[in-house]
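Grab a pencil and work through these exercises with the structure open beside you. Try each task yourself before you read its solution.

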Amino acid sequence: MFEHVLSTMIFLPILVGLVLLLLPASQGAARGTGLVASGIILILGIRLYFGFSGAGGMEFSEIRDLLPSLGISYNLGVDGISLFVLLTGAVLYPLVFLVMTNQSKGCYANLLITQGAMAGAICAGDLVLFYIFWELMLLPIFFMIGIYGGPKRLPATIKIMLYTVAGSLLMLAAIIYLGVVYHTQFGEWSFSAAKLAGLELHGGAAVLAFTGFMLAFAIKIPLFPLHTWLPDAYTEAPPATTFVLSAIMAKIGVYAVIRYVIPTFEAEFARYALLLACSGVIGMIYCGIAAIGQKDIKRLLAFSSASHMGILALGVFCMNIQALTGTIFQIVAHATSTGVLFLFAGMLEERMQTRNIEELGGIARQAPIFAFFFAVALLASVGLPGTSGFIGEFLIILGAVKFHTAIGVLAGTTLIIGVCYMLWMFQRVFFEKTNDRTAGFKDLTGIEALAFLPVILLILIMGIYPQPFIAKIEPAAKEQIAFVRPAAQVANYPVLEKGHVPEQK
Amino acid sequence: MEQSAAYLGLIPLLPLAGATIIGLLHLSSCQTCKLSERTYGILACIAPILTFLFAIKVFLDLHGLPVEARQISYQAFTWFKVGELDIAMGFFADPLSSLMLLFVTFTASLIHIYSIGYMAGDQTFGKFFAYLNLFLGMMLILVLGNGPVVMFVGWEGVGLCSYLLISYYSEDRANVLAGNKAFIVNRIGDLGFVLGMAFLFWAIGGSGFDYISLKANAHLLSSTTISLVCLLLFLGATGKSAQIPLYVWLPDAMAGPTPVSALIHAATMVTAGVYMVARFSFLYSLVPTVGLIVAWTGILTALVSAIYGMYQDDIKKVLAYSTVSQLGYMFAGVGLAAYSAGIFHVFTHAFFKALLFLGAGSVIYALHHEQNIWKMGGLRTKLPITYWTMLIGALALAGCPPFSGFFSKDEILYLALATGNPGIWLIGVLVAGMTAYYTFRMIFLVFHGSPRDQGLFDHAHEAPTVMTVPLIILAVGALFAGVLNLPAIFGGGQVVSHWLAPSLAELHPEASHETEILAIGASVVAFFIGITIAYRKFGSGAEVPVFTGFASFAYHTFRINELYDLLLVRPYKAIGSAIEYFFEPQVTDGPVQLTTWFYRAAGTVFKLLQVGYVRIYAIYMVIGLSLMSLLLSQSLK
Amino acid sequence: MILDYLVLSIVLFCLGILGVISRRNVFTVFMSIELMLNAANLAFIALSRLHESMDGQVLAMLVMAVAAAEAALALAVVILLHKHTGKLDTNVFSLLKG
Amino acid sequence: MIAQWLFYGFATLAVLGALGLILFQHPMNGAMCFIVTLISLAGLYALLSASLLFALQLIVYAGAIMSLILFIIMFLNIQATDLPEEKGRWTFLFGGILVIAPIGLFLLKVVKTLPQGETSIIGQDFGGVKKVGMVLFQDWLLPFEIVSILLLVALVGAVVLAGKKEMAS
């Protein structure tokens, strides 16, 4: 059983989700089933974590031929990077089923399918397989927003679908291009990511293929200025969907850049890193400032999420070990903090029937535990030391300063920008006077509090004692940096080696 | 060389554990049964008192070591290690931190005790002490951290506590706004801190990023890098220690409960910037130019806030501006590489300013939260303990000769003259006079003359013992703390300076006795002039003044808040709204909209071709065929 | 000689196209299509003669069968059209207008 | 020699018939002209040694299909008023010629690349029933069966279409 743990983590939720969709189950039964399924995944995930050696390289690999004539294989595996992205989903998913009590049955089923597809996209070691899962994880999102979303769901659905599909079709073309190039260079067909990394790509076609990949991922992340689908989709989606979108799916975009783009397109990546880094920083600032203008708490969090994704992506483009490790760490950190924030916003919406910040207030007095948890997640999101957010952001800023001083300085402004809108929101929602609407707000029940407690503790533990996590991430991050280092040196970027020479007087 | 001592790790841990326990008790009990205030009070005071005992142990341990080896450290665990970046969660004590440790834990203990009385009857009593303990823990991490990153944890942590405590009375929007302001302004400074750390790390951090390694490698740095790093770190210090241009948050921070103002916004947290500059003295001493910038920023801040202080009518605002002003002195000191003088002023200031704030708290408590000094008067008889202790504090603050403030302030002014900065010295002396004036203006208005509001006066009563005892203890400190660093001219041994010497890269300017006497004489004269004017104007009652012209301008603090609001806050919000209502739908979403428009337009055009007649479609087809034939005919032959 | 047959087939085919695109009468259009089929048949048979193989003739037979089927359906449609509109005009069908 | 003259004769008739088809206003006249074309085509088939096809052309095309068309035309009893008034007929005709000319020229070009061939009668039952039948039922069996299905479908379709009114009522 355990040698197929990855397949189980992928297909168990998909199958359960499909069965749920077909059976006339009640809402409660669907939620219960989802909870059990995601619980099993969580247990598998924990076993995976403790079974993972962290020596670098792929572990728990499963390789089967799918289409041998075209070299397409069923190739799964995790390394230090994917492990954490995978675990993030596994840890956070049960929370959705536990806390979000009145989503519809179809929504719960679709959530499960998304989970499986995301796990697939994370573990896939074959680009075609990756592409299949990549598109598969979008489908349930389409249904969830389109069927169960808010009043303006249809335009939002169409926008997110067309946007992402446009990106991923370009990626498909790029994947095919890579396969063909591999065939001409090595005389056999293969779409395995590891093998494609050995390609030597030159010229305009390589740049085009690189663009194809980057567009798909940049839309998913989303990088400025391709973020315009995000506020609408996040706002209109049901709370659980927003949670999945922001906490996990966006991270897969960043993850995919690290996993597929860096090893294959090292030269192109190095050449355009500065441009992409600029886009990340501009996005961070732009979305951060945009957040202050929001009246809708979900929309504010959506922009906040986009802003943080900008800085997350920046860490990838800095091409040094600190920034990259920071990004991967931050993937987990941001997923937990933003995920919790979105879940809380969802609960607020469910209980208060409004998302308008102006109509809320004084909740801290009514619900101290709720406010406390919210505050911890918020502080992690603004990167306060002692929470998980700090380690990631600090490493990214550190790396960004090394990469390019101006970008580093601009990246540092995230410290200020984040705090502006978050405090403003916290003030309006949790402080000040209670009104008629919020006077009836009930605090978290014991079970809910217990459900959130592990995640809150995780946020704190990852801030106070992050080294066990970092120790597992770093070897994998080093491998990725090793791909890009020669190219980066050609492009005159400072990439730090071990034992660098201190500055001389 | 270094001594390992695991109890160093325990020092910050104790208050943090206290905060956790109190916080959990509060959270779990706030809806069902309330624990008694006494329980919370005792729980809360355990940690500060224990840490104070530990602080004494640290001091004694250090004292037992030879002068050059006065360092003990403890590395708890590897915090994070990525590539050459290796950050340990480690603690480190040397004479500098031990001094900070001593007075921080000391004042914190007293203020915790005082708070039990002051906060009595508060709805969320437990929460308050949880925050206070958390603050102490963070402050101790700041002081004891073995490197800039660990210090930054405390640095941000105290900022958070400051925010939480300023917006403690969160029902009132103004308080929360003050908290937001404090956090955001501090964050601007923190940006400088982080960037400073980043530049420092990439320059010499690869071989260890704690103070000891940094100090050892500091000679490898180019002077440009040092200047850059020092300036950025100083930006961090201006945020935390309320210097120009980031001082605006501190007066607003008085929205918090008064013990908080005493502990966080007077005695401990706000001096963190000075501590940090002293901590990095091995860098600052290498770049005197940056030091001058620091010194001038400090002294100008001192001047500006002293001007504001002379016109305030809120007792806490007066003290707040006086804090900013005194912090300015400290920066003038550390900027001129007189680190021990600056730190010594931090030390004495902690006593007398905490004392003054607690005294003010006692007055406010007695008057049922009335803070306007123009409604007080003649309280001397009603609040004798408060009066006498506050008088001692005021004399110390104003720099009256035997009191602690005199020695520390005078040391700074003397060194300004000795290092050849008469400008700084002159402003310093002027500010000293102004300090004496506004301090005694406050004392006279509050305690002397006749009551201005009889109703308030009649209900006033002396605070309970739990509040007066800390006042008395602090008053003793304010009286005698100066003796610890008695300069040679008074026959003293400069104990504190010698104690601090191993930690600091200090310059010792040579100056004649005449200079010293001139400096002391000028300060004393300024003090007497200031107090005389104050007595003339307010000694025996004065009416509420109507400010006009410059006075009004100063009363409104030169409209700096309005200026910042106009230049920074409003544009920022405007840009936010502009993005939401203009850029987002029009500009960034523009390409998307353009694409959809293009498709629509193309559809409209192609619609015209769809005439609906089969025959016409056949014609289209034939035209296509015919064009293809033309093309193929070209290739045939 | 065979080429003359093929040229004739081309001429007939083009006349068939001309009939389809220039006339609106349903019957004429239909018969023009038949004309095109016949032109194709002629080409098949001529090429069958050229290669002296009978595959072309078989193909022509199949075309005739298809033409018969088409005739059956097309005439049914014409009858319906006439029933509904009383007209024999192809322009009556304009539902595809955008 | 005679064969050549016969070809020219039939060819002329076929073209004239086709022209008549597309130029006559009334479909009845067009149909008559079309029959001329079909019969001359049958003659041409005969000249090309396709005796079976000659017979089939006469029986199936000129016979069955055309009588069906004529029957329907007469059945509908088309008056001159029923006919669509085709105003721009000449414009379309000349425009059509312009458009079609490249297609025709292209096809001509293609044809010219083919080798010239004899058209003398081959004999040995080439194009006869037996030989064609052998080819049809051996090499073309599957297409033949498919065509039979097509005819069946067409049959059913025609019944459904034409009989729709009655079935609905």
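**Exercise 1. Work out what chain A brings to its contact with chain B.**

Keep in mind that you're looking at a predicted model.

Step 1: Count the residues. The contact uses 52 residues of chain A and 55 residues of chain B.

Step 2: Find the elements on chain A's side. Helices H12 (266–292), H14 (321–352), H16 (368–381), H17 (388–403), H18 (405–412), H19 (414–430) and H22 (467–490) of chain A each give at least two residues to the side that touches chain B.

Step 3: Pick out the biggest contributor. H19(A) supplies the largest share of that side, with seven residues.

Step 4: Sort by class. The side of chain A that touches chain B has 31 nonpolar, 13 polar and eight charged residues.

**Exercise 2. Find out which pair of chains shares the most contacts, and describe chain D's side of it.**

Step 1: Compare the pairs. Four pairs of chains are in contact, and chains C and D share the most contacts.

Step 2: Chain A doesn't touch chain C, and their nearest C-alpha atoms are 24 Å apart. Chain A doesn't touch chain D either, with nearest C-alpha atoms 31 Å apart.

Step 3: Now zoom in on C and D. Here 69 residues of chain D are in contact with 61 residues of chain C. On chain D's side, the elements giving two or more residues are helices H1 (2–23), H2 (27–47), H3 (51–76), H4 (89–112), H5 (129–138) and H6 (141–162) of chain D. By class, that side has 54 nonpolar, ten polar and five charged residues.

**Exercise 3. Decide whether chain D is spread out or compact.**

Step 1: List the parts. Chain D has seven helices and zero strands.

Step 2: For 169 residues the rule gives 15 Å, but the radius of gyration of chain D is 20 Å, well over that, so chain D is more spread out than a compact globule.

Step 3: The C-alpha atoms of chain D fill roughly 55 × 40 × 30 Å along the principal axes. Buried residues make up 28% of chain D's 169 residues.

**Exercise 4. Describe how H7(A) and H9(A) pack.**

Step 1: Know what to look for. Two packed helices are described by the angle between their axes and the distance between the axes.

Step 2: Read off both values. Helix H7 (residues 153–186) and helix H9 (residues 203–220) of chain A pack at about 145°, with axes 8 Å apart. H7(A) passes H9(A) in a left-handed crossing.

Step 3: See who meets whom. Residues of H7(A) including Gly167(A), Leu170(A) and Ala174(A) meet residues of H9(A) including Ala209(A), Gly212(A) and Ala216(A). By class, this contact has 13 nonpolar, four polar and one charged residues.

**Exercise 5. Characterise the pairing of E1(A) and E2(A).**

Step 1: Get the direction. Strand E1 (residues 59–67) and strand E2 (residues 72–78) of chain A pair in the antiparallel sense over six bridges.

Step 2: Look at the turn. The two strands form a hairpin with four residues between them, and Gly71(A) in the turn has a positive phi of about 70°.

Step 3: Spot a facing pair. Glu62(A) stands opposite Leu76(A) in E2(A).

**Exercise 6. Is Leu12(A) buried or partly exposed?**

Step 1: Leu12(A) sits in helix H1 (residues 5–22) of chain A.

Step 2: Count neighbours. Leu12(A) has 19 C-beta neighbours inside 10 Å, so it counts as partly exposed; buried would take 20 or more.

Step 3: Name its contacts. Beyond neighbours within four places in sequence, Leu12(A) is in contact with Ala37(A), Ile40(A) and Ile41(A).

Terms used. Residues are numbered from 1 along each chain as its sequence is written. Chains are lettered from A and ligands numbered from 1 in the order in which they are written. This is a predicted model: local features need pLDDT of at least 70, side-chain atom pairs count only at pLDDT 80 or more; totals for chains, interfaces and linings use all residues. Two residues are in contact if their C-beta atoms, placed from the backbone, lie within 7 Å. Ala, Val, Leu, Ile, Met, Phe, Trp, Tyr, Cys and Pro count as nonpolar, Asp, Glu, Lys and Arg as charged, and the others, Gly among them, as polar. The radius of gyration is taken over C-alpha atoms; the globule rule is 2.2 Å times the number of residues to the power 0.38. A residue is buried if 20 or more other C-beta atoms lie within 10 Å of its own, exposed if 12 or fewer, and partly exposed in between; C-beta atoms are placed from the backbone. Axes are lines fitted to C-alpha atoms, for helices over the stretch in contact, and angles run from 0 to 180 degrees between N-to-C directions. A crossing is left-handed if the near helix is turned anticlockwise from the far one by less than a right angle, and right-handed if clockwise. Two strands pair if DSSP finds at least two bridges between them.
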